[in-house]
Amino acid sequence: MTPLPAEVVDAVRSAVGAVSDPELRRPLADLDMVRDVRADGDAVRVEIDLTIVGCPAADRIERDVRRAAESAAQGAAVVLEIGVMSPAQRKALTERLRGGAARVMPFGPDSLTRVIAVTSGKGGVGKSTVTANLAVALAARGLKVGLIDADVHGFSIPALLGLVEGGVAPSPTQVGDLILPPVAHGVKAISIGMFLRSGEEVVAWRGPMLHRTVQQFLTDVFFGDLDVLLIDMPPGTGDIAISVGQLLPHADVLVVTTPQAAASDVAVRSGLVARQTGQRVIGVIENMAALTLPDGTSLALFGEGGGAAVAAALSADGHEVPLLASVPLSPALRAGGDAGDPVVVSHPEDPAAHAIAEVAARLAAEPRRLAGRKLPVSLA
């Protein structure tokens, strides 16, 4: 039996270590998930430790590791053994992911992640649909995007992103006290709907529980390094709006409305409440605007001018709030939401997709505000 050259084992070790964990989005070597790679006769033995028993990503990790090992083994056989981390290893992993820091909310005033809360005055204006598509459009531009579904009573983000199967959203993986959010279309998303046992359960909580839920989403969910964190707010000016204002007073706010006065008049209030907590309203998105029919005529089913009216009402004290987009009524946008297939990727040529993509381009081009933030600058 010819001994396996050391350089083959080294090549396999390097290839396997470079495989990315699909939930943590980091190489296995950086996560200390590669227990051992060694020669075993004329084969290469690869031993991997998953984070937990029943890891949802186990099949994918095994497949990716085997493919990487076989591609680097130069024809040698690969023996793959899958194990599970010990409690001590998991504790060390969570500390490493947090950078050794204590259990704190990572999106404070000093964070370089841009936090954008998407709100509306009333329900039924398509706020969640706009938020989900905006998140996907930002991710498609190469940004690292997280999405929190803070609409606890009316959660819909899992379905809009295509994460629901058989009426049930996937349960997030938990490593120690860290919650790993599922990923769809490049967006890391978390929702209370992922913690319910069936699609028929309802959430009937009041203020303290709602506040605790939002706080836990911000603190215990491991999003990693993000460029943008979107928060799909519940409509109105209730408990969660106040909680988010207290927890994230530095957040930017987008207000979604329809053109009709019944929606636009109350949409102004959500922007005013956000401003009272110190948040900055950065723009208005008018949804369900006029639809151009095949004969070239325009159908303004919900009227016109509501978005511009909200933007004008929220422009005060020298701070102009722009109307960022008028998203037209779109059968493709509606169908994509029902199917969990965001229109910005399924039908990017659709006028609604184009309008949302333009908002994403504008937000991606805006620099992060650094006023009041501590910068890692050394004078030494």
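Which strands does helix H8 (residues 261-276) lie across? In this predicted model, in which local features need pLDDT of at least 70, side-chain atom pairs count only at pLDDT 80 or more and totals for chains, interfaces and linings use all residues, helix H8 lies across strand S4 (114-120), strand S11 (252-257) and strand S12 (280-289), and runs at about 170° to S11. Residues are numbered from 1 along each chain as its sequence is written, and side-chain values use heavy atoms, with hydrogens and water left out. Helices (H or I, at least four residues) and strands (E, at least two) are DSSP runs numbered from the N terminus, while axes are lines fitted to C-alpha atoms, for helices over the stretch in contact (heavy atoms within 4.5 Å), with angles that run from 0 to 180 degrees between N-to-C directions. Helix H12 (residues 351-365) lies across S4, S11, S12 and S15, at about 160° to S15.

These strands belong to an open sheet of 8 strands with mixed pairing, in the order S8-S9-S5-S10-S4-S11-S12-S15, where two strands pair if DSSP finds at least two bridges between them. Strand S8 (183-184) and strand S15 (323-328) are the edge strands, each pairing on one side only. Strand S10 (residues 228-232) pairs in the parallel sense with S4 over 5 bridges, and with S5 likewise in the parallel sense over 5 bridges. Leucine 230 of S10 is the bridge partner of isoleucine 116 and also stands opposite leucine 147. Of the 5 residues of S10, 5 are buried (under 20% relative accessible area, with exposed over 50% and partly exposed in between, for a 1.4 Å probe and protein chains only). Val228, Leu230 and Asp232 point one way from the strand, whereas Leu229 and Ile231 point the other way.

A search of the whole structure finds 17 salt bridges, each defined as a side-chain nitrogen of Lys or Arg within 4 Å of a carboxyl oxygen of Asp or Glu. Aspartate 232 forms one with lysine 127, the closest N and O atoms being 2.9 Å apart; this pair links strand S10 to helix H4 across 105 residues, and both partners are buried. Lysine 127 also meets aspartate 151 in a salt bridge (3.9 Å, N to O). Because aspartate 151 lies in the loop between S5 and helix H5 (157-160) and lysine 127 in helix H4 (residues 127-140), this second pair ties together parts that are 24 residues apart in sequence.
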